[in-house]
Amino acid sequence: MKTDVVLVLNFGGQYCHLIKRRIREEEVYAEIVPPDITPEEIRSFDDEYSVKGIILSGGPSSIYEKGAPRCRKEILEMGLPILGICYGHQLVAHYMGGDVRKGDKMEYGITEVYVDVTDTLLKGHQKVERVWTSHGDTVYEMPEEFEILAHTENCPVAAFRHRHKPLYGVQWHPEVVHTPRGKMLLRNFLFEICGCVPNWTPENFVKKCVEEIREKVGNSKCIIALSGGIDSSTAAVLAAKAVGRNLTAVFVDHGFMREGEPESIKKTFTELGMNLLVLDERKRFMEKLRGVSDPELKRKIIGEEFIHVFEKVAEESEAEYLIQGTIYPDRIESGASKHSEKIKTHHNVGGLPTEIKFKGVVEPLRELYKDEVRKIARSLGIPESIVNRQPFPGPGLAIRIIGEVTKEKIEILKRVDAIVREEIEKHEVKGSLWQYFAVLLDTKSTGVKGDARAYGYTVAIRAVESVDGMTASYAKLPHDLMERISTRITNEIPQVSRVVYDITHKPPATIEWE
């Protein structure tokens, strides 16, 4: 039985990825595709999936702007259920002969919508609903073959459907938490209109993923880059299920791990029965990073050195494929998709050399978010100590040191990081945090220690709350906890004279500093 899929056409809306996530939360697979996807490309998905519907996302453009993104009109004639959201709603209306123009009044934020028809798409809705809107253009009228489902004071056509074809549109954003019945609307579309079966479960994913790995690599030998984090660990267990003893897990100790981590990783994966190879490459990586301050160059160098190490191992073990734990946010931030901006290069995506000595690179988790990886990991029986391990970048502490990486800075940051983790992990606040760590700045400041002038490094503490790492809010840590962390760092580490706390959300910042 094929897995059902709903395709989300991305018109550049800030909530596009949220639409995809909301669908997946209903155990229906969703994939984001470019707005100019052709009907033939949509049909090609049926080779692997069963395409059940299409959602047109919101976007910042006006449909009348020069160069505004458009989908192909033929898509509306494919017979697949289509739901336009915000810009997508306006685009469907425009293509079908509706009256779309700049609104007399714009609607931003919470808006009251008056529901005129409460079956199909708006089944279960009240006569008046609070929804989240963000639009300047407005649909004022639709042809007579359409039925108006809802309106607002300023928007005569806030939701519509075609009387005979599965074409729908809503001006508001059902994917955001500010629309209380938004999940209900999406469930109506997925299950009542598209007829989706909720079969995108961890168990089904594992089965499909193992089959795909086997199909791609056959009887070839493989190596996997193992960092000990949740992503590479999950990818390793999946790969081991697929190829068994043909897999070698390679842990490269580049010298930038947290205190005690290399020893812990070796112990854990030996106990899991993994065919594990541990390589001490600390000297090699430090030499390559000497004099390098630019964070993108650091990532490039580390990514390339990882590959060179893996190529050497592959040559010795006759491995033809490299398996990685790359996940979806890694690819988005690295600018890997057609319409995404590069925010920062991830060592396992944009950090890879253009030519590698492998027959292929296998990334079984490339379409998953971090919380989805955790669900898969639990279904595989991976220990909770790994499942709940907070995200840690592949380049490690090297990109938590602003400026050039030196042995002294690494040792300082390892000790600082250990204090931060120790204090947070014995506090009740730990359960609400996605990630917490320290950054060693390339800035020194004056302090006073023992009645004498001290001139030492500045350390920044970062703690955030998040669901998937795509967005994050800075954590409002208790002041007594922050004070204890600061006191211990400045007392126990002579080279540090100042501790600051980062209160920036993502966006505008990223979670990591570099």
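**Entry 1: α5 and α11**

I started with two helices, and found that the axes of α5 and helix α11 (residues 370-379) come within 9 Å and cross at roughly 80 degrees. Angles from 65 to 115 degrees count as roughly perpendicular, so I wrote α5 and α11 down as roughly perpendicular to each other. A reminder to myself: this is a predicted model.

Next I looked up who touches whom. From α5, Pro202, Glu203, Phe205 and Val206 meet Lys375, Ile376 and Ser379 of α11. Sorted by class, this contact of α5 with α11 holds 4 nonpolar, 1 polar and 2 charged residues.

**Entry 2: α5 again, now with α6**

I stayed with α5 (residues 202-217) and turned to helix α6 (residues 230-243); the two pack at an angle of about 60 degrees, with axes 9 Å apart. That makes α5 and α6 oblique to each other. I also noted that α5 passes α6 in a right-handed crossing.

On the α5 side I listed Phe205, Val206, Cys209, Val210, Ile213, Arg214 and Val217, which meet Leu238, Ala239, Lys241, Ala242 and Val243 in α6. The residues of this contact divide into 10 nonpolar, no polar and 2 charged.

**Entry 3: the nine-stranded sheet**

I then traced an open sheet of 9 strands, with mixed pairing and the order β2-β1-β3-β4-β9-β8-β7-β5-β6. Which strands stand at the edges? I found β2 (29-33) and β6 (128-141) there, each with a single partner strand, so one side of each has no neighbour in the sheet. On average, neighbouring strands of this sheet are turned by 25 degrees against each other, direction ignored.

Glu147 has Arg161 in β8 as its bridge partner.

**Entry 4: helices across the strands**

I found helix α1 (residues 16-25) lying across β1 (3-9), β2, β3 (49-56) and β4 (82-85), and running at about 165 degrees to β2. Helix α3 (residues 87-95) lies across β3, β4, β5 (99-115), β6, β8 and β9 (167-170), and its angle to β4 is about 120 degrees.

**Entry 5: a hairpin to finish**

My last stop was β15 (residues 435-449) with β16 (residues 452-465), an antiparallel pair over 12 bridges. Thr446 stands opposite Tyr455 in β16. The hairpin of β15 and β16 has 2 residues between the strands, and Gly450 takes a positive phi near 65 degrees.

Conventions:
Residues are numbered from 1 along each chain as its sequence is written. This is a predicted model: local features need pLDDT of at least 70, side-chain atom pairs count only at pLDDT 80 or more; totals for chains, interfaces and linings use all residues. Side-chain values use heavy atoms; hydrogens and water are left out. Axes are lines fitted to C-alpha atoms, for helices over the stretch in contact, and angles run from 0 to 180 degrees between N-to-C directions. Helices (H or I, at least four residues) and strands (E, at least two) are DSSP runs, numbered from the N terminus. Angles under 35 degrees count as roughly parallel, over 145 as roughly antiparallel, 65 to 115 as roughly perpendicular and the rest as oblique. A crossing is left-handed if the near helix is turned anticlockwise from the far one by less than a right angle, and right-handed if clockwise. Contact means heavy atoms within 4.5 Å. Ala, Val, Leu, Ile, Met, Phe, Trp, Tyr, Cys and Pro count as nonpolar, Asp, Glu, Lys and Arg as charged, and the others, Gly among them, as polar. Two strands pair if DSSP finds at least two bridges between them.
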